[in-house]
Amino acid sequence: MDSTALTALALFGLAAVFVLLEMLFGTDGSLLILAGVSGIGGFVFMLRSTWLPREIAWWAYPALAVGGIILASIVAVYLFPHSAIGENLLGEPEPGDVTPFAPDDGERLQYIGRRGKTLTVMNPGGLVLLDGKREHAETEGVVIEPGETIEVIELRGQRFVVRSVRDTASATPPPTLDETQNRTV
């Protein structure tokens with residue numbers, strides 16, 4: 001194997017290493033530029049090589065380069081979670097960093113039946129102002145304009161379901177327990 005063939009293989013290998021490092025450390029793309037330059041250099045040296053006939057070299061070297069870059073990408077994806085950056089990005093959070101979610105949170109349930117104002121267009125989701133706090137909310141599919149008075153009717157996860165007060169005024173309220181017991185059949 002002549003020195004130009006070895007140089008071509010070394011440059012293709014260097015391109016694969018640059019791709020691997022870019023995937024592991026996530027630079028601003030400068031390592032990908034270096035990988036491209038190394039790949040082009042490897043291709044030039046491959047064409048100058050006399051180790052293989054040109055027809056075979058024309059397909060063999062690029063196949064090795066693409067295969068090396070694919071292999072480097074697979075290795076990077078496998079190694080990324082175990083790298084320092086991968087552990088910081090994908091690792092388990094510290095116990096003090098996480099606030100557990102309590103689905104039966106009584107503090108948020110107390111807002112059901114309260115009134116507030118819309119801060120954004122509710123289409124169907126948006127922001128509302130309840131007791132001076134900005135809260136995420138959604139409607140039952142009806143668009144509500146900003147500044148309208150709303151009433152909280154339900155809690156779904158961490159979002160309030162609201163209805164425009166003018167909508168609730170037109171609807172007949174459900175009968176109370178006393179009203180249903182006093183009816184005659």
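Predicted model: local features only at pLDDT ≥ 70, side-chain atom pairs only at ≥ 80, totals over all residues.

Reader: Which other salt bridge does the side chain of Arg156 make?

Author: The Arg156 side chain also meets that of Glu154, at 3.3 Å from N to O. Through shared partners, Glu138, Glu154 and Arg156 end up in one network.

Reader: And how accessible are Arg156 and Glu154?

Author: Arg156 has a relative accessible area of 41%, so it is partly exposed. Glu154 is partly exposed too, at 32%.

Reader: Where does Glu140 come in?

Author: Glu140 forms a salt bridge with Arg163, at 3.1 Å from N to O. That one links distant parts of the chain, with Glu140 in the loop between β3 and β4 and Arg163 in strand β5, 23 residues apart. Glu140 is partly exposed at 48% relative accessibility, and Arg163 is partly exposed at 27%.

Reader: You keep mentioning strands. What do the 5 strands close into?

Author: They close into a barrel, in the order β1-β2-β3-β5-β4, with mixed pairing. From one strand to the next, the twist averages 55°.

Reader: Which way do β1 and β4 pair, parallel or antiparallel?

Author: Antiparallel: β1 (residues 115-118) and β4 (residues 149-156) pair over 3 bridges. Gly116, for instance, stands opposite Ile150 in β4.

Reader: And what joins β1 to β2?

Author: 2 bridges join β1 to β2 (residues 125-130), and these strands run antiparallel. Thr118 has Val128 as its bridge partner in β2, while Lys117 has Leu129.

Reader: What's going on at Asn123 and Pro124?

Author: A cis peptide bond joins them, with omega at about -15°. Pro124 sits in the loop between β1 and β2. For context, most peptide bonds are trans, and most residues other than glycine have a negative phi.

Reader: Which residue has a positive phi although it is not a glycine?

Author: Asp131, with a phi of about 50°. Asp131 is in the loop between β2 and β3.

Reader: Switching topic: how many residues make up the largest nonpolar core?

Author: The largest nonpolar core has 11 residues in all, among them Tyr111, Val128, Leu130, Ile150 and Phe160. β2, β4 and β5 each supply at least two residues of this core, and the largest share, 3 residues, comes from β4. In soluble globular proteins, nonpolar side chains tend to be buried together.

Reader: Which residues make the nonpolar surface patch, then?

Author: Leu71, Val75, Tyr78 and Leu79 make a patch of about 390 Å². Val75 is in helix α3 (residues 54-79) and is partly exposed, at 33% relative accessible area.

Reader: Last one: how far apart are Leu14 and Ser38?

Author: They are 24 residues apart in sequence, and 6.5 Å apart in space from C-alpha to C-alpha. Leu14 lies in helix α1 (residues 3-25) and counts as partly exposed at 35% relative accessibility.

Methods
Residues numbered from 1 in each chain as written. Heavy atoms only, no water. Pairing = 2+ DSSP bridges. Helix = DSSP H or I, 4+ residues; strand = E, 2+ residues; numbered from the N terminus. Patch = residues over 30% accessible without salt bridge, like charges linked within 9 Å, V, L, I, M, F, W, Y side chains within 5 Å. Areas by Shrake-Rupley, 256 points an atom, 1.4 Å probe, with all protein chains shown as cover. Salt bridge = Lys/Arg side-chain N within 4 Å of Asp/Glu carboxyl O. Buried < 20%, exposed > 50% of the residue type's maximum accessible area, 1.4 Å probe, protein only. Axes fitted to C-alpha atoms, helices over the stretch in contact; angles between N-to-C directions. Core = buried A, V, L, I, M, F, W, Y, C linked by side-chain atoms within 4.5 Å.
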